[in-house]
Amino acid sequence: MTKRFLAARDLHRLYQALVQGGYEVIGPRVKDDAIVFAPLNHIDELPWGWQEQAEAGRYRLQHTAGRRAFAWNTGPQGLKPWLFQPEQVLWRADNTEHGLCFRAVEPSPKRLAVIGLRGCDLAALAIQDQHFLDGPYADPFYRAQRAQLLIVAVNCARSANTCFCVSTGDGPEARAGFDLLLDELDAGYLLQAGSDLGAAMVARLPLRKATDKQVSEARALLAGASQQQRAMPGEAELAQLVDRLDHPRWQQVAERCLACGNCTSVCPTCFCSKQDTEGDVRNRQLEQVQRWDSCFSEQHSYITGKVVRYEIRHRYRQWLVHKLATWQQQFGRSGCVGCGRCIAWCPVAIDLVEEAQALLADNPQEGKHG
Ligand code: SF4
Ligand code: SF4
């Protein structure tokens, strides 16, 4: 697809085009020592020169001499909180003289343009679309906000130590699901439209044709980012995790795991939720509130009077086997897009890739039955 070039000094023109198009712009910003997606009032608020150093159980920002806005890879959140909100009131009820009166809560979407999403984020978005939009019970809140979204994605020019999107086939190049795609070079940006909306934005910008040298430079950055990555076993191998349900590794990991649910909160594909009814039916309003939940919470497996996954090893096993193996039967692909967030944000440095590799390295059940 044709790439055009926007000089670095003209990046504010892209921001202005989005604002003039009626969008609230959401972009990466440095907040609480991490890169987060938040409303962007000016391109000066982008994380110029910032890069993350991510390891298992560790995430630190570092300011570099470089003058790039997208030199980082991920922060603790992708797009998930903007579409599937951590807390959503579903309906309200008032106690009136005629009895309980129920009121629907209507979605109130905003016209949002999100800048800086990566290939892994777009792959996660495609999975969340499948979960929240396909089938007979589409989520009306997700659907309304999704319809108002414009996505400006960025190809990764480096990989963090926790990234493995090459193994999952989701990065470091963003291949689909964007309206506009940027490659960041020192001199400026290569731009590619991925939709009519994106093409309309491109038409408002002072662009020139990208030179062969600029296109080669962008390809070299992508190749370098790919080479820096570690590898997750492929999907066929991961599907064999269902044969490892009695592996001693589950107990070993459970001795470290705090069941805090950080991994599921930061995971861009996790979608579990619970509902709470709040208020006092006698004299106050009732609210039905949907909140993010986690397969690491004990109550998440409460079924007809019994918690089914009562030990942490059962919950860790549920997370890993669902995410990497049974998800394939459910959605046609693994539920992992290789972003590495669950690895960096696990307080006890449990590493999903290491766990999968250890579980697949041998199969104690084979010895038992063989
Ligand atoms: S694996 Fe880590 S982040 Fe996930 S629940 Fe256990 S301790 Fe928390
Ligand atoms: S399982 Fe971990 S690495 Fe995979 S998509 Fe979720 S947060 Fe990212």
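A residue is taken to be near a molecule if one of its heavy atoms lies within 4 Å of it. By this criterion, in the predicted model, the residues around ligand 2 are Phe164, Cys267, Pro268, Trp319, Lys323, Cys336, Val337, Cys339, Gly340, Arg341, Cys342 and Leu352. Two elements, helix 11 (312-331) and helix 12 (341-344), each give two or more residues to this shell. Sorted by class, the shell around ligand 2 consists of nine nonpolar residues, one polar residue and two charged residues.

The chain divides into domain 1, spanning residues 4-227, and domain 2, spanning residues 235-364. Between the C-alpha centres of domain 1 and domain 2 the distance is 25 Å. Domain 1 contributes 44 residues to the contact, and domain 2 contributes 41 residues. About 3,500 Å² is buried between domain 1 and domain 2, with 59% of this area on carbon and sulfur atoms. Of the area that domain 1 buries against domain 2, 17% comes from Lys80, Ile127 and Phe164, more than from any other three residues. Phe164 is also one of the residues around ligand 2.

Polar interactions between the domains were also counted. Domain 1 and domain 2 have 27 residue pairs in polar contact between them, with both residues of each pair at pLDDT 80 or more. On the side of domain 1 that touches domain 2, the elements giving two or more residues are strand 4 (50-55), strand 5 (58-63), helix 2 (80-83), strand 6 (87-96), strand 7 (99-104), helix 3 (119-133) and helix 5 (165-168). The residues on this side of domain 1 comprise 21 nonpolar, 13 polar and ten charged residues.

Side chains of opposite charge can pair when their charged atoms come close. The structure holds 19 salt bridges, and the count between domain 1 and domain 2 is four. The side chains of Arg92 and Glu287 form a salt bridge with an N to O distance of 2.8 Å. Another salt bridge joins Lys3 and Asp183, whose closest N and O atoms are 2.7 Å apart. This pair links distant parts of the chain, with Lys3 in the segment before strand 1 (4-7) and Asp183 in strand 10 (residues 180-184), 180 residues apart.

Note on methods. Residues numbered from 1 in each chain as written. Chains lettered and ligands numbered in written order. Predicted model: local features only at pLDDT ≥ 70, side-chain atom pairs only at ≥ 80, totals over all residues. Heavy atoms only, no water. Domains from an automatic or database assignment. Contact = heavy atoms within 4.5 Å. Buried area = accessible area lost by both parts, 1.4 Å probe. Polar contact = N/O pair within 3.5 Å; in protein donor to acceptor, adjacent residues only side chain to side chain. Helix = DSSP H or I, 4+ residues; strand = E, 2+ residues; numbered from the N terminus. Nonpolar A, V, L, I, M, F, W, Y, C, P; charged D, E, K, R; others polar.
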